[in-house]
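Subject: Structure handover

Hello,

Here is the structure I promised to pass on. My notes on what was found in it follow below.

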Amino acid sequence: MPAGYGRYVTIELRPLTGADAEAHCAGEDELTVRWLTGGYGDVDGTIGYFELLAGNADRGVGKRGFGIWKSGRLAGYIDYTPDLDDGLEPDDVALAYAVHPWARGQGVAVEALGLLCDILRTDNIGTRAAIRVEPDNVASVRVAQKAGFRYVRDFPSNRDTQPDGTPTTFSLYLLDL
Ligand SMILES: CC(C)(COP(=O)(O)OP(=O)(O)OC[C@H]1O[C@@H](n2cnc3c(N)ncnc32)[C@H](O)[C@@H]1OP(=O)(O)O)[C@@H](O)C(=O)NCCC(=O)NCCS
């Protein structure tokens, strides 16, 4: 079995490499685009993005991203950002995630959040994990609740906007690490 951050039998988090780019792109759908990425990725751009994540990991700064593997198949993506100031306190660590359509509805995101919070505790990163979710994203609100995060407040984003130019409203959910 490949080395990785695994506590559960079937779910593993591992760093992503260029070899994963095609499967990563194939796992995007309109919900991924609407709620997370804002647009479909292509393989070349994704390889570059994974290289950026690997560079961040080497230097120990900025956003850190992982693939979510379920039973050996790439099933999603999850990352953490220790220095995001949009609606967060300095010690809050922002988490973001997407699960490939075929793997949804099986609790994959909740398990991946548990594994990522284990990494944050082990590596002493931040004091609170934060999920910023649009209130209409019912599936992700459920994920935050099931993962034990508590609702804190709604706030207007200082960087994300709706198509009409108004600030995106996010609900903030926090979990003490
Ligand atoms: C949000 C998301 C990550 C949830 O991942 P998941 O592993 O399917 O999560 P769960 O299995 O815990 O299901 C969460 C909720 O999704 C909904 N759901 C259930 N089965 C589903 C399916 N087959 N397809 C889509 N949604 C489903 C349910 O509302 C479920 O809540 P419930 O357990 O109370 O019934 C996934 O829907 C996704 O990738 N969405 C697009 C990207 C996104 O929204 N990212 C989060 C940005 S804040």
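Ser 71 sits in the loop between E2 and E3. Please keep in mind throughout that this is a predicted model. Although Ser 71 is not a glycine, its phi is positive, at about 50 degrees. Most residues other than glycine have a negative phi. Ser 71 counts as exposed, with a relative accessibility of 57%. A second residue of this kind is Asn 124, whose phi is near 55 degrees, again a positive value in a residue other than glycine. Asn 124 belongs to the loop between H4 and E5 and is exposed as well, at 70% relative accessibility.

Lys 70 is part of strand E2, which covers residues 64–70. Lys 70 is buried but has no salt bridge. Which side chain of opposite charge is nearest to Lys 70? That is Glu 111, and it is 6.8 Å away. A salt bridge needs the nitrogen and the carboxyl oxygen within 4 Å, so Glu 111 does not qualify as a partner at that distance. Leaving out residues up to four places away in sequence, Lys 70 touches Thr 10, Ile 11, Ala 75, Trp 102, Gln 106 and Val 108.

Now the ligand. The number of residues that surround it is 21, and the closest are Tyr 97, Gly 105, Gly 107, Arg 142 and Lys 146.

- Arg 142: a polar side-chain atom lies 2.6 Å from an oxygen atom of the ligand.
- Gly 107: a backbone N or O atom is 2.7 Å from an oxygen atom of the ligand.
- Val 99: a polar backbone atom is 2.8 Å from an oxygen atom of the ligand.

On its own the ligand has 900 Å² of accessible area, and the protein covers 75% of this. The elements that contribute two or more residues to the shell around the ligand are helix H2 (30–37), strand E4 (92–99), helix H4 (108–122), strand E5 (128–133) and helix H5 (138–146). H5 provides the largest share of that shell, with 5 residues.

On to charge pairs. Side chains of opposite charge can pair when their charged atoms come close. The structure has 8 salt bridges, and I describe some of them here.

Asp 79 and Lys 63 form a salt bridge in which the closest N and O atoms are 3.6 Å apart. Asp 79 is in strand E3 (residues 73–81) and Lys 63 is in the loop between helix H3 (43–59) and E2, so this pair ties together parts that are 16 residues apart in sequence. Asp 79 counts as buried, with 4% relative accessibility, whereas Lys 63 is partly exposed at 28%.

Another salt bridge joins the side chains of Asp 85 and Arg 159, at 3.2 Å from N to O. Here Asp 85 comes from the loop between E3 and E4 and Arg 159 from strand E6 (residues 150–161), so the parts tied together are 74 residues apart in sequence.

The salt bridge between Asp 118 and Arg 121 has its closest N and O atoms 3.2 Å apart. Both residues lie in helix H4, 3 residues apart, or about one turn of the helix. Asp 118 is partly exposed, with a relative accessible area of 23%, and Arg 121 is partly exposed too, at 38%.

Strand E6 also holds Ser 157. Is Ser 157 buried or exposed? Its relative accessibility is 8%, so Ser 157 counts as buried. The side chain of Ser 157 makes a polar contact of 2.6 Å with the side chain of Asp 86. A polar atom of the Ser 157 side chain also lies 3.0 Å from the backbone nitrogen of Arg 159, the residue named above in the pair with Asp 85. Apart from neighbours within four places in sequence, Ser 157 is in contact with Asp 86, Pro 167, Thr 168 and Phe 170.

Last, Glu 30, which is located in helix H2. Glu 30 is exposed, with a relative accessible area of 61%. Between Glu 30 and Ser 157 there are 127 residues of separation in sequence and 22 Å in space, taken from C-alpha to C-alpha.

Regards

Note on methods
Residues numbered from 1 in each chain as written. Predicted model: local features only at pLDDT ≥ 70, side-chain atom pairs only at ≥ 80, totals over all residues. Heavy atoms only, no water. Helix = DSSP H or I, 4+ residues; strand = E, 2+ residues; numbered from the N terminus. Buried < 20%, exposed > 50% of the residue type's maximum accessible area, 1.4 Å probe, protein only. Lys, Arg positive; Asp, Glu negative; His and termini not counted. Contact = heavy atoms within 4.5 Å. Near = heavy atom within 4 Å. Polar contact = N/O pair within 3.5 Å; in protein donor to acceptor, adjacent residues only side chain to side chain. Areas by Shrake-Rupley, 256 points an atom, 1.4 Å probe, with all protein chains shown as cover.
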